Structure formats: structure tokens, C-alpha cells
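Biologist: I would like to learn to read aromatic contacts. Please take me through one model.

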Amino acid sequence: MQGPPCKFVTPLRALQSYIKHTIPYPGCDSVQCSSASIDGAVNVAKGADHVVLLMGLDDTQEKEGLDRVDLVLPGKQEELIISVAKAAKNPVVLVLLSGGPVDISIAKNDRNIGSILWAGYPGEAGAIALAEIIFGDHNPGGKLPMTWYPQEFVKVPMTDMRMRPQTSSGYPGRTYRFYKGPAVFEFGYGLSYSKYTYELTAFSRNKLYLNQSSTKHKINNFDSVMSISVSELGTEFCEHNKFPVRIGVKNHGEMAGKHPVLLFARQTKQGNGRARKQLVGFHSVKLSAGERAEIELEVSPCEHLSRANEDGLMVMEEGTHFLVVEDQEQPDFHCNLIWRINSSKRKTSM
């Protein structure tokens, strides 16, 4: 659904509800920013105690039927950001309005930019939420739902939909599961005013025996593994072998916050088409300052510890899978897939 909001609060009005003497200055003539009043913006920044830059895109740059050809900000927006940040008395707050990722490496690596807030395309009350975050009345806890690729990623043809990277051709792959190139921000990245720590507190299974016939796949001369198709294991086996994982989460900050916890699985054996990591699940938990709580997520080995083989079939390979909370690997919590072979191995090649 879409349409004009019943009541719309602009970012300026939202900021003025906190600081009445908030002065707007249009640094660009439009979102395209083919013409920028950089000198004027710099002069305003020099005289201000704090600067909030609202930059980004709109539906003249991206929408259904209008694909972007660049990942950087349009026109002179980057030049404006760098110039204003350099002139400001204090580190500036950069707010990005966009529906998709933007390569803002210039801002990420600029010590004159104190924070970057991605607001998407906020609705009628989105500016109020934005002001509450900037002035510390709300503790942000969002996580990026996609990888933010650098500008050089546009060299990859959009018609090339291969997920896995190919070293020989320099193809970097796609999505957080396979992409091996540099990233501006990774899938699941996000900051908060609080620091959170995690621990896996309960884990019911660290070995999974597959009492089935299996196939030995020889991927190359250095990589030979036992595997079995998920369909051969059957629904009953897959349902029976699901198990819960309990995760302790603690808020070490001075503010209450709602924090999403992401659990990943990662194979010890990497390369040859295997995913770097696989999202198992996520759960948001509300924690007061200093509070600790436990959440529970379910691991389904047939879904979360399997991979697609060269024929597109989901298979489970022998070996160790680690569970990873955010980017913190939990060395004591892993699942070993072990085969009890009922029939003779047969050789196949990938």
C-alpha cells in the first residue's frame, strides 16, 4: 500500500522539537546534486555547534522500473559530505535515506564523521524516531538485511546470478553466504548505544549419526568427503534430529534496548562451493541496562547444516559445524556429522 500520509513530520521539525534553533541549509539543488552550494554549507557548518547531514536517494534514483547503475551517492553529494565534515566543529551525524545499499566508504573512513544512520525511507513518524536516536532517547538496535557492496561490484553483470565465487575469473560471488570480496558493511551489521555479550548456555547435541548409505564425493584431488542427500534421509529423520540452542545475552550499557541476536552455522571445511556461513535464525530480546536473559533458537541439521551440491540437491557432508553468534564463534558448541555406513561407498565426481 502507498499514498500520502495523514500527518507527516519532516526531519527538520523533529530535530527542532529538541533544539529549537536548528537551521536548515539545502546543500544540493536536488537529490541528483548536479549543483551543490558547498561553500555556503561549509560556512554554516563552521558556525554550528553540531551538524546533521541528510543525504541519499529518492524515487528519481531507484524504484520499480528504474535500476541504479552506481552504488555511490549521486552527483556532488560525496564532495559535500567531505567538505562539511572537515569544516564542522564536532564530528557530524550522517543520515542516509535510501532503499538499497550505498557505498559510503568515504564517510565510513572519515574521522570527522561520528555516526552513520541508515533510515531507509522513513514513514510519517520516521523523522521522530530518527531524532530520538540522535538525541539519545532511543537505543537503536537494527541489523542490515543485506550486504553493502563497494562501487566496484557494479562491474559484475547483473545477469550473472551465480552465488559462489570463482577465483580463476575473479568473480566474487553473491550474498553474505558466498561473497568473498571487500564489503562496506556486512549482512547483519549494526551498532547500538549498548554493548552486548553472548554465551551459548545449552546445547543438546554435538554428534549426529547418519545411519544411511552415502556417497563419497571427490571434489578435487585434495577434497574428498562423505555426503548424503537430505531427501534420502527423509522427513522423519530430519524432524527427529532438530535440537534447541539456548543463548545468554547481556546488556552492558546504561540504556535499555531491543537487540536482535543472529545465530549462524559454519563448516570447518571451507572452499569448493561451501558457504562461508549460514543463518540459522534470529530473535529480538528487550533488555534493561545491565540485564541478562536467555533466548532459544532451533537448529534443524537438514536445513541449516546442509548445502547444495553441483546438481542443486541438498546434501549433508561429514565434518564439524560450528555455531556462531554474530561474529563470535563458540568453540565448545559444534556439531559433528558422523557416518555409519550400511552399504559400500561409491565414487562420484563433481
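This is a predicted model: local features need pLDDT of at least 70, side-chain atom pairs count only at pLDDT 80 or more; totals for chains, interfaces and linings use all residues.

Biologist: How is a pair of aromatic rings described?

Modeller: By the distance of the centres and the angle of the planes. Here the count comes to 10 aromatic pairs. Take W148 and F185: their ring centres are 6.1 Å apart and their planes stand at 70°, so this pair is edge-to-face.

Biologist: Which parts does the pair of W148 and F185 tie together?

Modeller: W148 lies in the loop between helix 5 (126-134) and helix 6 (175-178). F185 lies in the loop between helix 6 and strand 4 (196-203). The pair therefore ties together parts 37 residues apart in sequence.

Biologist: Is W148 buried or exposed?

Modeller: W148 counts as buried, at 2% relative accessibility. Now try F187 and F264. Their centres lie 6.4 Å apart and their planes are at 85°, so the pair is edge-to-face. This pair links distant parts of the chain, 77 residues apart. F187 is in the loop between helix 6 and strand 4, and F264 is in strand 9 (residues 257-267). Both F187 and F264 are buried.

Biologist: Which residues form one aromatic cluster?

Modeller: W118, W148, F185 and Y189.

Biologist: Where does the charged end of K108 sit?

Modeller: Over the ring of F185, 4.9 Å from its centre. R162 gives another case: its charged end sits over the ring of Y171, 4.1 Å from the ring centre.

How values were computed: Residues are numbered from 1 along each chain as its sequence is written. Side-chain values use heavy atoms; hydrogens and water are left out. Rings of Phe, Tyr and Trp (its six-membered ring) pair if their centres lie within 6.5 Å; planes under 30 degrees apart count as stacked, over 60 as edge-to-face and the rest as tilted. Helices (H or I, at least four residues) and strands (E, at least two) are DSSP runs, numbered from the N terminus. Buried means under 20% relative accessible area, exposed over 50%, partly exposed in between (1.4 Å probe, protein chains only). A charge sits over a ring if NZ of Lys or CZ of Arg is within 6 Å of the ring centre and within 35 degrees of the ring normal.
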